[in-house]
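This briefing is for a reader new to the structure. It covers a pair of packed helices and several salt bridges.

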Amino acid sequence: MALPHAERLLKVAVRRWRSGVRWLCAAFFAVGCIAVAGADKPVFYVYLAGPEVFLPGAAEAGQAKKEAIEQLNASGLWDFRLVGLYPLDNDIPDFAPNRDTGIRIYQANLAMMHKADVVAANMVRFRGPGMDGGTAFEMGYMRGLGKPVFGYYDAAPFYGKEEAAGLYPDKVALHHGLHPDQPDVDIDGLTVENFAMTDNLMMVGALADTNTDVQPSFQEALLRIAEFLSKQVQAKRYAR
């Protein structure tokens with residue numbers, strides 16, 4: 001591929017920046033090669049779902065995910081580009097804490113999901129033992145559109161440290177409470193779903209449709225997405 005060669009040339013050109021116009025021209029040539037090589041690659045959009053939008057640094061959290069995507073794009077591990085779509089990218093005019101604003105955010109997010117090819121959802125527990133309700137909806141909506149769903153569990157931004165995704169009944173016991181005499185029901189007497197899954201079976205089922213499961217990090221989810229899309233790209237090429 002031309003891209004790795006262009007990147008090497010660019011690095012050399014920068015190191016020799018002061019040695020003359022010849023290397024300056026080489027730098028511009030390398031940048032041009034990178035742009036052309038990138039332009040030739042198909043682009044797939046990843047909807048970045050998760051409760052990160054509620055973090056104090058919500059915008060920065062989204063930007064960090066996009067930068068992680070760009071770093072993997074630059075690695076040359078796959079012959080296409082991934083582009084992250086983050087809900088806070090939407091421009092919501094006349095933003096106010098009212099119902100009208102909430103509905104417009106909902107509609108903007110739907111439009112973003114229609115543009116996306118896949119979803120990467122942070123299934124971290126949120127305000128209880130289960131995942132964020134909005135994220136669960138987005139996973140279901142994307143699956144309903146027939147698009148692949150990928151999930152991961154990243155607790156550190158929310159609780160200050162990493163934690164395993166674990167099993168749902170264990171999280172209910174720890175973050176809600178079980179009946180003291182009946183371990184299969186919670187403190188309110190309601191049955192606790194127990195199918196050896198990290199969250200509600202509908203969410204994990206959406207992942208299973210894509211032949212995947214909850215990943216331990218966002219980076220791992222990206223790799224699973226790349227593997228999935230690589231197979232699709234190759235299949236299309238062989239079909240020609």
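Buried means under 20% relative accessible area, exposed means over 50%, and partly exposed lies in between, using a 1.4 Å probe and protein chains only. The model is predicted, so local features need pLDDT of at least 70 and side-chain atom pairs count only at pLDDT 80 or more, while totals for chains, interfaces and linings use all residues. Residues are numbered from 1 along each chain as its sequence is written, and side-chain values use heavy atoms, with hydrogens and water left out.

**Helix 4 and helix 5**

- Helices (DSSP runs of H or I, at least four residues) and strands (E, at least two) are numbered from the N terminus.
- The axes of helix 4 (residues 99-115) and helix 5 (residues 133-144) come within 10 Å and cross at roughly 40°.
- The axes are lines fitted to C-alpha atoms, for helices over the stretch in contact, and angles run from 0 to 180 degrees between N-to-C directions.
- Helix 4 and helix 5 are therefore oblique to each other; angles under 35 degrees count as roughly parallel, over 145 as roughly antiparallel, 65 to 115 as roughly perpendicular and the rest as oblique.
- Y106, N109, L110, M113 and H114 of helix 4 make the contact with F137, E138, Y141 and M142 of helix 5, where contact means heavy atoms within 4.5 Å.

**Salt bridges**

- The whole structure has eight salt bridges, each a side-chain nitrogen of Lys or Arg within 4 Å of a carboxyl oxygen of Asp or Glu.
- E70 pairs with R81 in a salt bridge, with the closest N and O atoms 3.7 Å apart.
- Since E70 lies in helix 3 (residues 58-74) and R81 in strand 2 (residues 81-85), this pair ties together parts that are 11 residues apart in sequence.
- E70 counts as partly exposed at 38% relative accessibility, and R81 counts as partly exposed at 26%.
- E163 forms a salt bridge with R125, the closest N and O atoms being 2.8 Å apart.
- E163 is partly exposed, with a relative accessible area of 24%, whereas R125 is buried at 11%.
- In the salt bridge of D209 with R143, the closest N and O atoms are 3.0 Å apart.
- D209 is in the loop between helix 8 (201-208) and helix 9 (218-239) and R143 is in helix 5, so the pair ties together parts 66 residues apart in sequence.
- D209 counts as exposed at 52% relative accessibility, while R143 is partly exposed at 28%.
- A network of salt bridges links E220, R224 and E227.
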